Amino acid sequence: MSSPQNAPTQMSQIMRYIGPGLILTASIVGSGEVIATPKLAAEAGFQLLWLIVLGCIIKVFVQVELGRFAVAKGMTTLEAMDTIPGPRLIVSWLLWLWFFMYVAIVFQVAGIVGATAQVLEQGGLDLNRKLIAVLVAGVTAGLLVLGRYKLVEQVSIFMVAAFTLCTIIAVGSIQWSDFAITGAQLAEGFKFRLPDNFTTAFGAFGIIGVGASELIYYPYWVLEKGYARNVGPNDGSAEWYERARGWMKVMRVDAWVSMVVYTLATVAFFLLGAAVLHTKGLEVTNDTLIPTLAHMYRESFGPMGLHIFLLGAFFALFSTMFVATASNARLLVDGLKLFKLVNYPDEEARQRLIRICCVVLPAISVGMFMLWEKPVTLVFIGAVGQGLMLPFLAMAALYFRYKRTDAPLQPGGAWTFFLWVAAVSMIAAGIYQVVTQFLK
């Protein structure tokens, strides 16, 4: 094990070390923004803009709290969740809830595979859609097994950033069209109202910004980027606490930088969807997913809008699948060990099993898409599953904050207040969804 490394202190140095959040941003700006957000906007218009903004911002407090625990303890998220008190059957009750969410996420990735295949089909790839889906899954697995992660990560971050910029420009350009956004519409978007059917809104809330799956992934990337390794084992010294606080500061900057990026992207997608799709009365469905979404860019960029959308959507969706597969493989390997289904003797064996999972998971996802061929439906299965998991992750973050974090590392009063706001909001959304579905 390498020696602990002091945390960088100047902002210019800190920016060199940020990364886990930006890795997630390459996957966050994906199915939630490209599919769920415009679908919600098409159905509800501007009235749920407040929910989109709230859903992007509040989760960062839970994200950082889970990351704080990982840096301090050197534990993965699933290992940390397994320490939650309560009923146990091999593992903690919370890990059983995670298992059901994980199954739902496999459906979501299947929907992303199908949506990516539709993008390539619309772009002129003259092959059967199912065959295109197989190729997408095969390329994903091949790149991960061959260890081409860094290249894809860098290209994806660049292209997703460019797509986000184009989407923001599209919002500006639309002001010179028949779909110009007015101040009254924006004001309407921040009036607290909920739709009669909350399912689409709840699904979007579950996966926009940092969804439940990304909240769980994030500490894994924090660990792999070496934050906990640089802090070193807790020896109880003042130097250790100072080092831990320094790397937690790096982590917070990383989380907030990524939050700004994905919030801008999400809000831009929502505004385009509300201004164009809702006004035109268009519905985002399984069969017309890509042609319908392309309307948002055609109204801003003219005929070339379709090509801009297809290129951006491909990178956004493919990077989501790529990062999600890499993350899900790590979660699966970790989960199999905690459920006592496998036991790898060393890190090399663990990495070998991760590579196997990087092949198996895309194969399962493409198989699901071949069976159902309903990308929007598949995405929303995962979205609702993630939404239902959010309250429990928020409660876990509060437990870590009060019961498992050493006093010198605990956040201040203002941060704790917003952590409670985030937790209460997530719990309220989950209860409202369950109650409204039960009363139907």
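This is a predicted model: local features need pLDDT of at least 70, side-chain atom pairs count only at pLDDT 80 or more; totals for chains, interfaces and linings use all residues.

Colleague: Which residues is Gln 118 in contact with, leaving aside its neighbours within four places in sequence?

Modeller: They are Arg 129, Asn 286, Leu 289, Ile 290 and Pro 375. With Asn 286 there is also a polar approach: the backbone oxygen of Asn 286 is 3.1 Å from a polar atom of the Gln 118 side chain. The cut-off for a polar contact is 3.5 Å, and the 3.1 Å separation falls within it.

Colleague: Why are H7 and helix H12 called roughly perpendicular?

Modeller: The axes of H7 and H12 (residues 212-224) cross at roughly 110° and come within 11 Å. Angles of 65 to 115 degrees count as roughly perpendicular, so H7 is roughly perpendicular to H12.

Colleague: Which residues of H7 and H12 meet?

Modeller: On the H7 side they are Trp 98, Met 101 and Ile 105; on the H12 side, Ala 212, Ser 213, Ile 216 and Tyr 217.

Colleague: Which residues of H8 are buried, and what is found at its start and after it?

Modeller: The buried residues are Ile 132, Ala 133, Val 136, Ala 137, Thr 140, Ala 141 and Leu 144. In general, an α-helix has 3.6 residues a turn, so residues three or four places apart point the same way. At the start of H8, the backbone nitrogen of Lys 130 has a side-chain oxygen of Asn 128 within 2.8 Å. After H8 comes Gly 147, with a positive phi near 75°.

Colleague: Which residues have a positive phi although they are not glycine?

Modeller: Ile 90, with a phi of about 75°, and Glu 373, with a phi of about 50°, are among them. Ile 90 is in the loop between strands E1 (88-89) and E2, whereas Glu 373 is in the loop between helices H17 (347-372) and H18 (375-404).

Colleague: Why do Ile 90 and Glu 373 count as partly exposed?

Modeller: Partly exposed covers the range between the 20% limit for buried and the 50% limit for exposed. Ile 90 has 46% relative accessibility and Glu 373 has 32%; both therefore count as partly exposed.

Colleague: Is Ser 92 buried or exposed, and what does it touch?

Modeller: Ser 92, in strand E2 (residues 91-92), has a relative accessible area of 0% and is therefore buried. Not counting residues up to four places away in sequence, Ser 92 touches Met 81, Asp 82, Ile 84 and Pro 87.

Colleague: How many disulfides are found in the whole structure?

Modeller: The search finds zero. Cys 357 is in no disulfide: the nearest cysteine sulfur, that of Cys 358, is 7.2 Å away, and a disulfide needs two cysteine sulfur atoms within 2.5 Å. Cys 357 is buried, with a relative accessible area of 5%, and Cys 56 is buried at 0%.

How values were computed:
Residues are numbered from 1 along each chain as its sequence is written. Side-chain values use heavy atoms; hydrogens and water are left out. Buried means under 20% relative accessible area, exposed over 50%, partly exposed in between (1.4 Å probe, protein chains only). A polar contact is a pair of N or O atoms within 3.5 Å; within protein, one must be able to donate a hydrogen and the other to accept it, and residues adjacent in sequence count only if both atoms are side-chain atoms. Contact means heavy atoms within 4.5 Å. Helices (H or I, at least four residues) and strands (E, at least two) are DSSP runs, numbered from the N terminus. Axes are lines fitted to C-alpha atoms, for helices over the stretch in contact, and angles run from 0 to 180 degrees between N-to-C directions. Angles under 35 degrees count as roughly parallel, over 145 as roughly antiparallel, 65 to 115 as roughly perpendicular and the rest as oblique.
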